[in-house]
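I opened this model to look up its aromatic pairs, and then followed them into the sheet and the cores. My entries are below.

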Amino acid sequence: MPIDAAKALAAEPRSAEIAWDHKDVQLYHLGLGAGSPATDPAELRYTLESRLHVLPSFATVAGAGMGVVGGLSAPGIDIDLAAVLHGGQSITLHRPLPTGGRAVSTSRVAAVYDKGKAAVLVLRSEAADDEGPLWSSDAQIFVRGEGGWGGDRGPSERLELPDRAPDRTVERAVREDQALLYRLSGDWNPLHADPDFAKLAGFDRPILHGLCTYGMTLKAVVDTVLDGDVARVRSYRTRFAGVVFPGETLRIRMWAGDGRVQATVTAVERDDAPVLADTLVTHS
């Protein structure tokens, strides 16, 4: 089979030096829709180098080459990108991310689960610079048609929402060209740009990167609940529950309390179709 679980799990971790500067950070933030209104002081923290801070989800694209698509070329994995969907993502921050720097990123396949009709790969990466650890992250990748070999099904944890109305609800528009801009941060999967490829994957048109929705949601939480302070974020995880099409509007509902913010994200134009679920930000 195209996924050799034993070989993938036994493979030595792969390490590479990564680097980024303020331009990479600014491009990432613009890909999330930052900068509107362009002169808003709150938005200038994402777009102007003299005031720049780094949204922690930038860790998912820092260095570009060791991202999710790169992880799918690990030993024991030979799959068709048209069968791949990002199932979930988590990040743990060890300290605020600098606006520029160099680090060593170490990646490995941490788990392979058999979900019956699909396999799930857990791609784990850790980054550290001369001052110590920066972040660690797990990407859960669904590979359709590659399950059914009788392996471990893995965890199926669900996060129960508070039994009350959301504390905050905001809406964020996704521009028609947003996937085209976001992919410049390193995820070149044609699913997000090529209509013909999208049809091969079962979609009428290209879809937005799940990690773009992921970043947009964290920005909304930081801006509305954490007083715009990115340094307060300690960890962030979500499950990708559905797709987003460029041009749609995200509705982000947030419940805050006890150093954590839970959230759900839905697509407004499709009757609040689920987009992100089991979403949790922990913070100081």
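I searched the whole structure for aromatic pairs and found six, taking rings of Phe, Tyr and Trp (its six-membered ring) as paired if their centres lie within 6.5 Å, with planes under 30 degrees apart counted as stacked, over 60 as edge-to-face and the rest as tilted. I note that this is a predicted model, in which local features need pLDDT of at least 70 and side-chain atom pairs count only at pLDDT 80 or more, while totals for chains, interfaces and linings use all residues. Residues are numbered from 1 along each chain as its sequence is written, and side-chain values use heavy atoms, with hydrogens and water left out.

I looked at Trp20 and Trp135, a tilted pair with 6.0 Å centre to centre and 55° between the planes. Trp20 lies in strand 1 (residues 14-20) and Trp135 in strand 5 (residues 132-144), so the pair ties together parts that are 115 residues apart in sequence; helices (H or I, at least four residues) and strands (E, at least two) are DSSP runs, numbered from the N terminus. Trp20 and Trp135 are both buried, meaning under 20% relative accessible area with a 1.4 Å probe and protein chains only, where exposed is over 50% and partly exposed in between.

I then took Tyr28 and Tyr182, whose ring centres are 6.1 Å apart with planes at 55°, so this pair is tilted. Tyr28 belongs to helix 2 (residues 22-31) and Tyr182 to helix 5 (residues 178-182), so parts 154 residues apart in sequence are tied together by the pair. Both Tyr28 and Tyr182 are buried, and ring pairs link Trp20, Tyr28, Phe58, Trp135 and Tyr182 into a cluster.

Next I traced the sheet, which is open and has ten strands in the order 1-3-4-5-2-7-10-9-8-6, with antiparallel pairing; two strands pair if DSSP finds at least two bridges between them. Strand 1 and strand 6 (168-173) stand at the edges with a single partner strand each, so one side of each has no neighbour in the sheet. Strand 1 pairs with strand 3 (residues 101-114) in the antiparallel sense over seven bridges, and Gly101 is the bridge partner of Trp20 in strand 3.

Last, I checked the largest nonpolar core, which has 51 residues, with Trp20, Phe58, Trp135, Val222 and Met254 making the most contacts inside it; such a core is a set of buried Ala, Val, Leu, Ile, Met, Phe, Trp, Tyr and Cys residues joined through side-chain atoms within 4.5 Å. Its largest share, eight residues, comes from helix 7.
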